[in-house]
Each structure stands twice: as structure tokens, then as C-alpha cells.
Amino acid sequence: MTNLSPELLAYWEAEQNRLASKILIPSAGMGYLPDVEDIILVLDIQYQGNVAAIGGVLGNPQGEIEQVFTAQVSADVPYAPGYFCFREGPPLLKFWQNLTKAQHLQPNLIILDGHGIAHPRKFGVACWLGLHTQTPCLGCAKESLLPFEGELPDNQGSSLAIKLHNEVVGWALRTQSGVKPIFASPGYALSLETAKQLIFNLKGEYRLPDILRLADQVARAQAKNELKNDWIDWGYIS
DNA sequence: GCGACAG
DNA sequence: ATCTTGTCGC
């Protein structure tokens, strides 16, 4: 990976701190609460050089799949741990704009690969996208960025709080017995409790809920030009 | 000083 | 995330 200048990292850090102050995470029972009628959008990206191959899956709050979209967007910004939002945010926002404007769709909640406030400066990519779309957004990652203490029981449905400066900012969640946990945190307009409940309510038999796995598969297929017929492909969008 | 570090 | 072969197991 290209070494990023200390000046850029300092700027990004200041940006995250500035934007983080605009994020208000609601308390339990407040903010976004799932309704059976709601539309959930799950997003994932695979990279092929400087092109982002995006999979977007629409479903309901139980994680049942309804429709699949995919596209390619240019990705100019390099990745740096802790600054993921500046790389992955803009391509996702482009995808969102296409979905909402061109397709006239308005999902009630976004779920994406990465963190929300479970981040050193409480500003993961789920915060970035939630702010820019003004839509409730939940981050769900396969690795934690913050260290956490305590033991997560092996049984399905157990959870362990992830804390930053003694404040709960996310969860390690055991989605299946005997498999590694996944890590969920709210990014925008939903509570920690709702974030946890949403993930546990998503249908699936594997470590990752089905709808998240599908978003991953679609992005992968887009990157390799192996799309399925019932997926709606926008091709390259700018 | 060195390594680790969401995707 | 990506570069990559075979291999073990259901």
C-alpha cells in the first residue's frame, strides 16, 4: 500500500472528529426501529485495482432477499486502517444516489461491511454513509478495530460489549455456536440495542447472515464479470 | 523503534 | 481488500 502523507492522515483525523460530533446515537428504544414493511439495503464492495465492484441487496428486516443490484464505480482513495470511510464511503454514496434517484427506491436502513462508532474516533464508514445519506446505517464487520475484554460465550446469540473509553460502542456477536464472532455497531440514527437485535434477527445458518453473504457474492461476481440474470446490473456509473 | 491495523 | 493450488470434509 502506498504510504499516505502525515498531512493527509492528520486532515482525515480532524475530519473524522468534526463529523463524529454530528453523529447522535439514540438511546435504547429511540431512533430507527424496524418495521415489517421496511426495506433494508445491504452493501458490499470488492476491488479490482481502482474500480469498486458493488453489490447491493434489498431485503426485509428479517433478512429475506427481495432484489439485487450491482454496479462499478471508480475508487481513487487508498485504504488506511482507521480511515476506511474515505476510501469506501464515496463509491457507496454513488451507488446509493443511483438507487434512490434513478430507481426511485428509498431503503429505511443500510447495513454495510465495516464499523459504525466502534472506531478509535467513533467514526467508521457506517457513520460516514449515514451522515451523507441521512439514513439509519449499521456497520457489521468481520474483525474488530478496537480491542475488547471479557469472554464471549460459545453459544449462538451471545454478545459482548466493545468499549471505548469505558463507553459501549458496539458488540461482538456470536451468530452461530462455535464460530468466530462478527462485530456490529450503529453508525447513524439507531441505538446500540437496535443494532444488535437487527443482526441477530437476520436469517442464516452461517457466521454471516444470508443477506450479507449475498451482497459479498454479488460484489465478487461483478468484479469477475460473472453476474446472474436476475441481478440488475447498472454497469459503470459515474 | 517496531508491529499491528475495518475493507 | 487482493495475489493464489491443492486439499479436506459434508
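How many salt bridges does the structure hold? The structure holds seven salt bridges, a salt bridge being a side-chain nitrogen of Lys or Arg within 4 Å of a carboxyl oxygen of Asp or Glu. The model is predicted: local features need pLDDT of at least 70, side-chain atom pairs count only at pLDDT 80 or more, and totals for chains, interfaces and linings use all residues. Residues are numbered from 1 along each chain as its sequence is written, chains are lettered from A and ligands numbered from 1 in the order in which they are written, and side-chain values use heavy atoms, with hydrogens and water left out.

**Stop 1**

Select Asp113 and Lys142. The closest N and O atoms of this salt bridge are 3.0 Å apart. Asp113 lies in strand S4 and Lys142 in the loop between S5 and S6, so the pair ties together parts that are 29 residues apart in sequence. Helices (H or I, at least four residues) and strands (E, at least two) are DSSP runs, numbered from the N terminus. Lys142 is partly exposed, with a relative accessible area of 31%. On this scale, buried means under 20% relative accessible area, exposed over 50%, and partly exposed in between (1.4 Å probe, protein chains only).

Next, select Arg174 and Asp154, a salt bridge in which the closest N and O atoms are 3.8 Å apart. This pair links distant parts of the chain, 20 residues apart: Arg174 is in the loop between S7 and S8, and Asp154 is in the loop between S5 and S6. Arg174 is buried, with a relative accessible area of 9%, whereas Asp154 counts as exposed at 52%.

Then select Asp210 and Lys203, whose closest N and O atoms are 3.5 Å apart in a salt bridge. Lys203 counts as partly exposed, at 46% relative accessibility.

**Stop 2: Gly63**

Contact means heavy atoms within 4.5 Å. Gly63 is in the loop between strand S2 (51-59) and strand S3 (65-74). Is Gly63 buried or exposed? Gly63 counts as buried because its relative accessibility is 2%.

**Stop 3**

Select Arg121, in the loop between strand S4 (109-113) and H3. Arg121 is buried yet has no salt bridge; Glu13, the nearest side chain of opposite charge, is 4.6 Å away. Here Lys and Arg count as positive and Asp and Glu as negative, while His and the chain ends are not counted. Not counting residues up to four places away in sequence, Arg121 touches Glu13, Gln16, Asn17, Ala20, Gly82 and Tyr83.

From there, move to Ala20 in helix H1. Ala20 counts as buried, at 17% relative accessibility. With residues up to four places away in sequence left out, Ala20 touches Arg121, Lys122 and Phe123. The C-alpha atoms of Ala20 and Gly124 are separated by 9.1 Å, although the two residues are 104 residues apart along the chain.

Remain in helix H1 (residues 6-20) and select Leu9. Leu9 is partly exposed, with a relative accessible area of 25%. Leu9 touches Leu4 and Tyr83, not counting residues up to four places away in sequence.

**Stop 4: helices H2 and H3**

Display helix H2 (residues 84-102) and helix H3 (residues 125-133), whose axes come within 9 Å and cross at roughly 40°. Axes are lines fitted to C-alpha atoms, for helices over the stretch in contact, and angles run from 0 to 180 degrees between N-to-C directions.

Which residues of H2 and H3 meet? Phe84, Cys85, Phe86, Glu88, Gly89, Pro90, Leu92, Leu93 and Trp96 in H2 meet Val125, Trp128, Leu129, His132 and Thr133 in H3. The residues of this contact divide into 10 nonpolar, three polar and one charged. Ala, Val, Leu, Ile, Met, Phe, Trp, Tyr, Cys and Pro count as nonpolar, Asp, Glu, Lys and Arg as charged, and the others, Gly among them, as polar.

**Stop 5: two histidines**

Select His104, in the loop between H2 and S4. Phi of His104 is near 55°, a positive value in a residue other than glycine. His104 is exposed, with a relative accessible area of 69%.

Now select His165, in the loop between strand S6 (159-164) and strand S7 (167-173). Its phi is near 50°, a positive value in a residue other than glycine. His165 is exposed, with a relative accessible area of 72%.

**Stop 6: helix H4**

Finish at helix H4 (residues 192-201), where the buried residues are Leu192, Thr194, Ala195, Lys196, Leu198 and Ile199. What covers these buried residues includes S4, strand S5 (137-141), S6, S7 and strand S8 (182-188).
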